[in-house]
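Subject: Structure for your review

Dear colleague,

Please find below the structure that I am handing over to you. My notes on what was found in it follow directly after.

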Amino acid sequence: MKVKIVSLVLLFLAGLLRLSAQEIECRTDKKDYVVGDRIELSFKIPLQEGDIQDVIVAREDSDTLELQQTVMDTVVENGKKYLNYRQYYMSFVNGEHDLTGCVNIRSLGKNGEKLYKLSPLTIRVSDYPTDSTNAEIKDIKNVLDEPFSFKEALPVVYALLIVIAVAAVCWFAFRYARNHRKPKPKDIPVQTKEYVAPHIRALNALEELKQERLCEQKMHKRHYSELTEILWTYLQERFAINACEMTTEEIVEAMSHEKDIMKESFDTACRIFKTADLVKFAKYHTDGFTDENTMSLARDFVNSTKQEENTNTVQQ
């Protein structure tokens with residue numbers, strides 16, 4: 001429905017243009033065509049500097065005569081400049097077709113608007129000529145036996161030779177590398193380090209943090225940031241909770257699923273994280289008693305959730 005409305009509007013506008021339009025001569029390469037041939041329509045429109053030209057093609061028979069392409073170039077004849085148009089059509093329906101009746105050109109320039117229409121031009125499209133009287137029916141021929149040629153086998157021979165050559169190179173390279181590789185040193189002592197349990201590392205870090213006396217220097221935010229990082233590292237090493245990449249809510253949620261963290265220890269950790277978040281993000285000012293109590297709670301949490309392990313050594 002929309003396509004029909006647009007077509008009617010274009011036809012109406014084209015009709016208005018043709019009432020007062022100047023006629024332009026046009027030509028084609030020939031008058032008679034066969035279905036599927038390329039039909040060329042050419043015409044020239046006077047062109048002045050600054051002109052803008054629009055080609056309006058409004059066809060109801062687009063399925064009968066289809067516009068394939070429009071090519072424009074500038075030419076100069078007798079000192080005048082023209083815009084040379086070449087339109088290419090194609091038709092698959094035989095009969096006579098009006099080639100120019102729906103083509104109009106509008107030119108906008110310094111001297112106002114000019115309208116052009118193409119001179120009437122009709123072409124004829126016909127079917128392919130067929131002559132069935134001269135058709136000759138022939139019998140089906142037998143399959144011919146093609147003699148064997150060594151040239152046909154050459155690609156296969158070359159491929160086999162290449163595969164054999166590559167395999168030989170790889171084998172010699174392996175033998176050479178095996179015979180010339182350096183022997184492994186046997187007398188280099190293996191360095192070892194003492195294994196430290198996660199709770200021992202956490203308690204040592206808490207003691208070092210206490211010795212820095214950051215709260216006494218009014219550096220509460222740094223103190224609680226380092227305190228939470230120590231507990232995050234302990235949770236990672238002890239319970240495989242990646243606390244450094246989680247929010248406080250996510251850490252608390254992960255801790256709630258650990259069977260080795262009792263309710264009292266869980267509540268202790270929640271109090272520590274809550275106080276630390278207030279200091280770090282809400283600019284909460286703590287007193288000396290709160291700072292000391294929070295540090296004591298952190299040690300209690302580590303001691304209550306630690307796992308006793310035998311001290312041994314591992315290779316570095």
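R238 is buried, its relative accessible area being 17%; here buried means under 20% relative accessible area, exposed over 50%, and partly exposed in between, with a 1.4 Å probe and protein chains only. This is a predicted model, in which local features need pLDDT of at least 70 and side-chain atom pairs count only at pLDDT 80 or more, while totals for chains, interfaces and linings use all residues. Residues are numbered from 1 along each chain as its sequence is written, and side-chain values use heavy atoms, with hydrogens and water left out.

Salt bridges

The side chain of R238 meets that of D260 in a salt bridge, at 3.6 Å from N to O. The term stands for a side-chain nitrogen of Lys or Arg within 4 Å of a carboxyl oxygen of Asp or Glu. This pair links distant parts of the chain, 22 residues apart: R238 belongs to helix α4 (residues 220-239), and D260 to the loop between α5 (248-255) and α6 (263-281). Helices (H or I, at least four residues) and strands (E, at least two) are DSSP runs, numbered from the N terminus. In contrast to the buried R238, D260 is partly exposed, at 43% relative accessibility.

In general, side chains of opposite charge can pair when their charged atoms come close. How many salt bridges does the structure hold? The count is 11, and two further examples may be of use to you.

In one of them, E292 pairs with K210, and the closest N and O atoms are 3.9 Å apart. The two residues are 82 apart and link distant parts of the chain, with E292 in helix α7 (residues 288-305) and K210 in helix α3 (residues 198-212). E292 counts as partly exposed at 41% relative accessibility, and K210 is partly exposed with a relative accessible area of 34%.

In the other, D73 forms a salt bridge with R86, with 3.4 Å between the closest N and O atoms. Here distant parts of the chain are linked between strands: D73 lies in β6 (residues 66-77) and R86 in β7 (residues 80-90), 13 residues apart. D73 is partly exposed at 28% relative accessibility, as is R86 at 21%.

Two residues with positive phi

The loop between β6 and β7 contains N78. Phi of N78 is near 55 degrees, which is a positive value in a residue other than glycine. N78 counts as exposed, with 82% relative accessibility.

K283 is found in the loop between α6 and α7. Although K283 is not a glycine, its phi is positive, at about 55 degrees. Its relative accessibility of 71% places K283 among the exposed residues.

Helices α6 and α7

How do these two helices cross, and which residues meet? The axes of α6 and α7 come within 9 Å and cross at roughly 145 degrees; axes are lines fitted to C-alpha atoms, for helices over the stretch in contact, and angles run from 0 to 180 degrees between N-to-C directions. On the α6 side, the residues that meet α7 are S265, T268, A269, R271, I272 and T275. Their partners in α7 include T290, N293, L297 and F301. Contact means heavy atoms within 4.5 Å.

Strand β9 and R106

R106 lies in strand β9 (residues 103-109) and is partly exposed, with a relative accessible area of 29%. Although R106 and D54 are 52 residues apart along the chain, their C-alpha atoms are separated by 5.2 Å. Neighbours within four places in sequence aside, R106 is in contact with I52, Q53, D54, E113, K114 and L115.

The protein as a whole

The protein has 7 helices and 13 strands. Of its 316 residues, 28% count as buried. Among contacts between residues at least 6 apart in sequence, 69% join residues at least 24 apart. The protein exposes about 22900 Å², of which carbon and sulfur atoms supply 55%; these areas come from the Shrake-Rupley method with a 1.4 Å probe, and for residues only the protein chains shown count as cover.

The record

In an unreviewed entry, UniProt lists residues 156-174 as "transmembrane region". UniProt positions are given in the numbering used here, feature names are shortened, and annotations may be inferred rather than shown by experiment. In the model, the span 156-174 is 100% helix and 0% strand, and its end C-alpha atoms lie 27 Å apart.

With kind regards
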